[in-house]
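This report goes through one protein model for a reader who has not seen it before. Please keep the sequence and the structure in view while reading.

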Amino acid sequence: TFGGWLRLVDCRTGAVTEQRIAEGMVKTLAWSPDSNTLYVGEQSPDGNVLAFSVGADGPTKRWSRRLADWLGTSRPAAGDRFGIYSLPAAYDLEVTPEGRLLVAAVHNAPQDGRPRNRSLVACLSPEGDVVWRFPRQGYLPVTIAHLAVDGTGHCSAFVASQSQDPADAARDPHSTDNLEIRPNRLC
């Protein structure tokens with residue numbers, strides 16, 4: 001929910017279990033191939049990706065990965081009801097057939113009074129360890145809101161949209177890749 005609650009509904013009985021997981025909001029969800037793990041991406045000052053084991057008593061947290069460690073953190077201005085959308089977030093989660101988790105991570109925070117985009121794609125093991133990330137260091141000055149993985153789990157593609165501030169994006173000192181935005185494919 002927008003208030004950071006994760007609610008699971010048993011489709012057979014209608015029973016609901018809930019747990020508050022974020023200071024911000026739950027942004028995206030994905031299940032492991034065996035349906036025993038629920039991955040949750042939040043939009044909050046920390047922008048966590050979390051893994052929950054799901055049993056009869058509801059979700060039990062297994063691990064979390066803080067995206068703000070890679071993209072920076074921020075807080076919305078007091079009274080800014082839309083400020084939550086400027087916080088770091090997992091915009092999309094995709095799970096490969098062997099259980100690796102792909103994360104499209106975004107932080108659209110103001111910097112020096114102007115909007116700035118920071119994004120990366122990360123691949124995490126089922127245990128939450130970093131397998132790889134793109135770029136390897138820093139971030140891209142774009143928004144990567146969607147990604148897809150092929151049926152084999154060997155190839156991924158993502159959509160990178162234009163920065164809010166394209167003139168400065170090309171000169172972003174935190175980005176290791178000053179690249180022309182075009183379709184990208186990670187294999």
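Predicted model: local features only at pLDDT ≥ 70, side-chain atom pairs only at ≥ 80, totals over all residues.

The side chains of Glu-18 and Arg-7 form a salt bridge, with 2.5 Å from N to O. This pair joins distant parts of the chain: Arg-7 belongs to strand 1 (residues 5-9) and Glu-18 to strand 2 (residues 16-20), 11 residues apart.

## Other salt bridges

The protein has four salt bridges in total. Side chains of opposite charge can pair when their charged atoms come close.

Asp-10 is partly exposed at 25% relative accessibility, while Arg-12 is exposed, with a relative accessible area of 75%.

Another salt bridge connects Arg-66 with Asp-46, at 2.7 Å between the closest N and O atoms. Arg-66 sits in strand 6 (residues 58-66), and Asp-46 lies in the loop between strand 4 (37-43) and strand 5, 20 residues away in the chain. Both are partly exposed: the relative accessible area is 28% for Arg-66 and 29% for Asp-46. Through shared partners, salt bridges join Asp-46, Arg-66 and Asp-69 into one network.

In soluble globular proteins, nonpolar side chains tend to be buried together. The largest nonpolar core here has 18 residues, and the members that touch the most others are Val-49, Leu-93, Leu-101 and Val-103. At least two residues of this core come from each of strand 5 (48-55), helix 1 (68-71), strand 7 (89-95), strand 8 (101-111) and strand 9 (114-124).

Which residues does Leu-101 contact, apart from its neighbours within four places in sequence? They are Tyr-39, Val-49, Trp-63, Leu-93, Glu-94, Val-95, Ala-122, Cys-123 and Leu-124.

## The whole protein

The protein contains two helices and 13 strands. Of its 187 residues, 48% are buried. The exposed surface comes to about 9,700 Å², and carbon and sulfur atoms supply 50% of that area.

Contacts also reach along the chain: among those between residues at least 6 apart in sequence, 47% join residues at least 24 apart.

Conventions. Residues numbered from 1 in each chain as written. Heavy atoms only, no water. Core = buried A, V, L, I, M, F, W, Y, C linked by side-chain atoms within 4.5 Å. Buried < 20%, exposed > 50% of the residue type's maximum accessible area, 1.4 Å probe, protein only. Helix = DSSP H or I, 4+ residues; strand = E, 2+ residues; numbered from the N terminus. Contact = heavy atoms within 4.5 Å. Areas by Shrake-Rupley, 256 points an atom, 1.4 Å probe, with all protein chains shown as cover.
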